Amino acid sequence: MITRREASAGLLSAAVFAGTSAQAASEAIIMQLPAPQTSGGMPLMQALKLRHSTREYADRPLPLPVLSGLLWTAFGVNRPASGDRTAPYWRHIMVIDVYAAMADGVWFYDPKAHLLRKHLSVDIRAATGQQDFVGSAPLNLVYVAHGERMHDVPPEGRRLYASVDTGFIGQNVYLFCASEGLASVFRGAVDYKKLEKVMQLEGEQFVTFAQTVGYPKS
């Protein structure tokens, strides 16, 4: 059965996000991302020294090149020949999807094509957590697991394995943010059932954690 996201993606051709009008951008179902910068950046030890959690954000949106680098760092494809990712994953089975909740809607990150596909056209940022800042921060990443892919794990153990994978991704995001002067916080204070309903998740999908990203409030 074709999923809602696949059906939507098949209805319209790709629309380049950068340089379009605000109305066209809001109607686009595919956001093309520039190629990520995969060299340079802050030395690892310095980024580790600067890594910290922040709960106050400016409402300034992330430029598209920064968003591109952030998503690639989080869980992008770093070995095209094998399709392997920037973060390790359980038993070599990819169970985590990364969604980006922004003011213009919810976007699904497609690592293989390195682009964003529109999942919802409504602003659900406030529903991604139980703290006030999530509703105004420019970006909330929502990590969604596929329980059906962990068929040999009892249902009660699936969240544990999915959470470990999510933690790897979250740390990648933290280090990128430290390198780029961005703020971030990895969050478990989420009304999971509400968020899963708002996101219209299908089958055995479930939210593991969320992570806010933005510029620090001066």
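This is a predicted model: local features need pLDDT of at least 70, side-chain atom pairs count only at pLDDT 80 or more; totals for chains, interfaces and linings use all residues.
Leaving out neighbours up to four places away in sequence, Leu139 is in contact with Leu62, Leu67, Leu70, Ala100, Ala101, Met102, Gln211, Thr212 and Val213.

**The nonpolar cores**

- Leu139 is one of the residues with the most contacts inside the largest nonpolar core, alongside Leu67, Leu70, Leu116, Leu141 and Val213.
- How many residues does this largest core have? The count is 37.
- Two or more residues come from each of these elements: helix H4 (64-75), strand S4 (96-102), strand S5 (105-110), strand S7, helix H5 and strand S9.
- Which element gives the most to this core? It is H4, with eight residues.
- Another core, of 14 residues, lies apart from the largest one, and its members include Val142, Val190, Leu195 and Val207.
- As background, nonpolar side chains tend to be buried together in soluble globular proteins.

- Is H4 mostly covered or mostly open? It is mostly covered, with eleven of its twelve residues buried.
- The buried residues of H4 are Leu64, Val66, Leu67, Ser68, Gly69, Leu70, Leu71, Trp72, Thr73, Ala74 and Phe75.
- You can check the length of H4 yourself: at 1.5 Å a residue its twelve residues should span 16 Å, and the end C-alpha atoms are 17 Å apart, which agrees.
- Gly76 is found in the loop between H4 and strand S2 (77-79).
- Gly76 counts as buried because its relative accessibility is 0%, and the cut-off for buried is under 20%.
- Apart from neighbours within four places in sequence, Gly76 is in contact with Leu71, Asp84, Arg85, Thr86, Tyr109 and Pro111.
- Gly76 and Lys112 are 36 residues apart in sequence, yet their C-alpha atoms are 7.5 Å apart in space.

**Strand S9 and its partners**

- Strand S9 (residues 205-214) is mostly covered, as nine of its ten residues are buried.
- S9 pairs with strand S7 (residues 139-146) in the antiparallel sense, over eight bridges.
- In this pairing, Gln205 of S9 stands opposite His146.
- Strand S8 (residues 183-187) also runs antiparallel to S9, and five bridges join the two.
- Here Gly214 of S9 is the bridge partner of Ala183.
- A general point to keep in mind while looking at strands: in a regular strand the side chains alternate between the two faces of the sheet.

**A closer look at His146**

- His146 is found in strand S7.
- Is His146 buried or exposed? His146 counts as buried, at 7% relative accessibility.
- The side chain of His146 makes a polar contact of 2.6 Å with the side chain of Asp97.
- Residues up to four places away in sequence aside, His146 touches Val95, Asp97, Glu204 and Gln205.

**Salt bridges**

- How many salt bridges are found in a search of the whole structure? The search finds four, and three of them are described here, starting with Arg158 and Glu204.- In the pair formed by Arg158 and Glu204, the closest N and O atoms are 2.6 Å apart.
- Arg158 lies in helix H5 (residues 155-180) and Glu204 in the loop between helix H6 (192-198) and S9, so the pair ties together parts that are 46 residues apart in sequence.
- Arg158 counts as buried at 12% relative accessibility, whereas Glu204 is partly exposed, with a relative accessible area of 42%.
- Asp123 and Arg125 also meet in a salt bridge through their side chains, at 2.8 Å from N to O.
- Asp123 is partly exposed, with a relative accessible area of 39%, while Arg125 counts as buried at 11% relative accessibility.
- The side chains of Asp84 and Arg79 form a salt bridge with an N to O distance of 3.9 Å.
- Asp84 counts as buried at 11% relative accessibility, and Arg79 counts as partly exposed at 41%.
- In general, side chains of opposite charge can pair when their charged atoms come close.

Methods
Residues are numbered from 1 along each chain as its sequence is written. Side-chain values use heavy atoms; hydrogens and water are left out. Buried means under 20% relative accessible area, exposed over 50%, partly exposed in between (1.4 Å probe, protein chains only). Helices (H or I, at least four residues) and strands (E, at least two) are DSSP runs, numbered from the N terminus. Two strands pair if DSSP finds at least two bridges between them. A polar contact is a pair of N or O atoms within 3.5 Å; within protein, one must be able to donate a hydrogen and the other to accept it, and residues adjacent in sequence count only if both atoms are side-chain atoms. Contact means heavy atoms within 4.5 Å. A nonpolar core is a set of buried Ala, Val, Leu, Ile, Met, Phe, Trp, Tyr and Cys residues joined through side-chain atoms within 4.5 Å. The expected span of a helix is 1.5 Å times one less than its number of residues.
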